[in-house]
Amino acid sequence: MLWECERGCGAGSVKQYPSADRARRYATAFDQEYGSDVGNAPLFGLFPLRLLQLGRRLGRRRNPPR
């Protein structure tokens with residue numbers, strides 16, 4: 001597989017894969033835009049952290065520092 005950066009930054013390389021099917025599979029994965037699929041992680045991956053932060057904020061409102 002031969003690849004080059006579409007933005008024109010000059011990045012590019014060549015990598016050998018055991019089969020054309022395997023190369024096609026990797027190329028398809030690399031061509032996906034970040035955030036293009038609905039099941040992307042940032043929204044759900046950060047959800048527990050956001051709940052923790054919300055709990056801390058609510059706790060501070062109920063028990064202000066003295």
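What follows is a short chat about a predicted model of one protein chain.

User: What should I know before I start reading this one?

Analyst: This is a predicted model, where local features need pLDDT of at least 70, side-chain atom pairs count only at pLDDT 80 or more, and totals for chains, interfaces and linings use all residues. Residues are numbered from 1 along each chain as its sequence is written, and side-chain values use heavy atoms, with hydrogens and water left out.

User: And what is the mean pLDDT of the chain?

Analyst: The mean pLDDT (the predictor's confidence in each residue, from 0 to 100) is 77 for the protein chain, and 74% of its residues reach 70 or more.

User: Which element has the lowest mean pLDDT?

Analyst: That is helix H2, residues 41-45, with a mean of 64, whereas H3 has the highest, 86. Where pLDDT is low, the predicted coordinates should not be read in detail.

User: OK, in what order do the elements run?

Analyst: From the N terminus the order is β-β-α-α-α, with helices (H or I, at least four residues) and strands (E, at least two) taken as DSSP runs and numbered from the N terminus.

User: How many of the residues count as buried?

Analyst: Of the 66 residues, 6% count as buried, where buried means under 20% relative accessible area, exposed over 50% and partly exposed in between, using a 1.4 Å probe and protein chains only.

User: Switching topic, which residues form a salt bridge?

Analyst: Arginine 24 forms one with aspartate 21, their closest N and O atoms being 3.6 Å apart; the rule asks for a side-chain nitrogen of Lys or Arg within 4 Å of a carboxyl oxygen of Asp or Glu.

User: Is leucine 51 buried, partly exposed or exposed, and where is it found?

Analyst: Leucine 51 is partly exposed, with a relative accessible area of 45%, and is found in helix H3.

User: What about arginine 61, buried or exposed?

Analyst: Arginine 61 is exposed, at 65% relative accessible area, and its place is also in helix H3, residues 47-62.
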